[in-house]
Amino acid sequence: MSTKPKLPEQLDDGEHLAVLGYEDSFSRSMSLWGNFALGFTYLSPLVGVYSLFAVALTTGGPPSIWWIVIVACGQLLVSLVFGEVVSQYPIHGGVYPWARRLWGRRYAWMAAWVYIWAMVVTITAVAEFGTGFFASLFNIELTPAITLLIALGFLLVALGINFTGTAWLARIARLGLFAELIGVIGVGLYLLIFQRKNDFGVFFDSMGVQGDGSYVPAFFAAAIAGLFLFYGFEACGDVAEEVSNPARRIPRAMQLTIFVGGVSALFSFAGYVLAAPNLQEIVNGEVEDPIPAILESTLGAVGAKIFLVVALLAFISCVLSLQAAASRLIFSFARDGMLPGHRWLSKVSPKSKVPNNALIVACTIPALFCLLIFLNENLLVPITSFAILGIYVAFQMVVLAALRQRFKGWRPAGPFSLGKLGFVINIVALAYGIFAFVILATPGSSGSFFEDYVVHIGLGVVVIVGLIYLFIARPDAKSSAPEGDAIRVATEIRERTGQLEVSRR
């Protein structure tokens, strides 16, 4: 009879973190549903649909709704790749530590550098878009000064809640989830069932957006309707060290975020289109902000006000979740000594168990961007466009790094595994990412060089500045944290859980 002690099927959270080289210093008070709520309110289909509904219809007409389905399927593949990675590496920061452990320090530094700027710019954009709801609710005239004050108010309220700790972050995220579900699924179903004024056939009718030419370019130009929606699921992994049993729960939360977000966005978008009494005018670009008009004509003045309250909760929750995710990425980056002021940025509050200093930065930089928009309101659209492309670049750097490790022999060792399908899914996810890059990087056709190439200019500036800092300051040389150890860590996890012995038999 063997006296060899029975090995656990899965490492406990503290031991798993120790294998990765870190101590368990956070409060693991976030549940699966709290983690899902964080990712969902970051993804925020209500914010995405409201922000780009008019743009999608004027560019691609009602068939632009199909981009929600196309992008949801593509990003689901990305989330499956991320799920395997986070299941082996359930540590704070998401994209940065994943890229570092899959490839190396310099590669991860660039991925995180682009991602940090894309995230803080996204925080800015969401805070700015939310000012319209606040102003409409309280009948305030939205001047540039008022817009600045409301946007700063959103940022400070989110900062105050984040300072209180993970438990309150999860509570508000769940409240935001509830508001999102009412605002997108509830209202969408009501419009579809009781207020339908157009036939379902409109989703196959371009309604003349292509003019005398082919519809194909117009359809691809409307891709932003989906591409802007489906990121945020990675935020589930940004707070990994504050989630109980993250190696199992975070992959599930990511997939739930994509699935529920996709269904919600479809109901919402379809409801607005089918309930619009003046759909052709909206497609023709004759209605500047169509959703409030649709809601007032279908819900009445009181119903529209109630929706504004729900939408406001969703926007605040979205800013809150974005700020929390950005702060954990900054903290993770600083903990490995990869940022100026890393000792200050990597401090964790002994009382609330959150990285307060990183939170301050995640609030201050978006506030400065809000000030720039106050000085030049035309910067909002370019800022939003850069955020989308920057986040997709960072995502695909992780997908590429995971595929590279698979070619070197890596078999993910976390409890969430795709098995033999992992290789195929990884390849298709990368192909989808390249497809998205081509669409996002296609220049505009306004005739203005700056407007047509503003996304390329923004990304170019961030990348060039990042490379200059990387090769002059050499932050990678100042860090001794592990890198490129995917195969070694997978082997150690299998040894500790008995998987290696089983595979040898």
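Author: Buried means under 20% relative accessible area, exposed means over 50%, and partly exposed is in between (1.4 Å probe, protein chains only). Please keep in mind that this is a predicted model, where local features need pLDDT of at least 70, side-chain atom pairs count only at pLDDT 80 or more, and totals for chains, interfaces and linings use all residues. Residues are numbered from 1 along each chain as its sequence is written, and side-chain values use heavy atoms, with hydrogens and water left out.

Reader: Thanks! How should I read a salt bridge, and how many salt bridges does the count come to?

Author: Side chains of opposite charge can pair when their charged atoms come close. The rule asks for a side-chain nitrogen of Lys or Arg within 4 Å of a carboxyl oxygen of Asp or Glu, and the count comes to 14 salt bridges. In one of them, Asp336 meets Arg100 at 3.7 Å, N to O. This pair links distant parts of the chain, 236 residues apart: Asp336 is in the loop between H14 and helix H15 (342-345), and Arg100 is in helix H5. Both Asp336 and Arg100 are buried. Helices here are DSSP runs (H or I, at least four residues), numbered from the N terminus.

Reader: Are Arg335 and Glu241, which also meet in a salt bridge, buried or partly exposed?

Author: There is one of each. Arg335 is partly exposed, at 24% relative accessibility, while Glu241 is buried at 0%. Their N to O distance is 2.9 Å. Salt bridges that share partners also join Glu15, Arg101, Asp485, Arg488, Glu492 and Arg496 into one network.

Reader: Which residues of helix H5 are buried?

Author: Helix H5 (residues 95-102) has eight of its eight residues buried. They are Val95, Tyr96, Pro97, Trp98, Ala99, Arg100, Arg101 and Leu102.

Reader: And how do I read a pair of aromatic rings?

Author: Such a pair is described by the distance of the centres and the angle of the planes. Rings of Phe, Tyr and Trp (its six-membered ring) pair if their centres lie within 6.5 Å; planes under 30 degrees apart count as stacked, over 60 as edge-to-face and the rest as tilted. By this rule there are 26 aromatic pairs. Trp109 and Trp113 are stacked, because their centres are 5.1 Å apart and their planes are at 15°. Both lie in helix H6 (residues 105-137), four residues apart, about one turn of the helix. Trp109 also forms a tilted pair with Phe333, at 6.0 Å centre to centre and 45° between the planes. Ring pairs link Tyr96, Trp109, Trp113, Trp117, Phe333, Phe369 and Tyr469 into a cluster.

Reader: Last one: how many disulfides does a search of the whole structure find?

Author: A disulfide is a covalent bond between the sulfur atoms of two cysteines. The cut-off is a pair of cysteine sulfur atoms within 2.5 Å, and the search finds zero disulfides. Cys370 is in no disulfide either, with the nearest cysteine sulfur, that of Cys363, 9.1 Å away. Cys370 is buried, at 0% relative accessibility, whereas Cys73 is partly exposed, with a relative accessible area of 48%.

Key. Helices (H or I, at least four residues) and strands (E, at least two) are DSSP runs, numbered from the N terminus.
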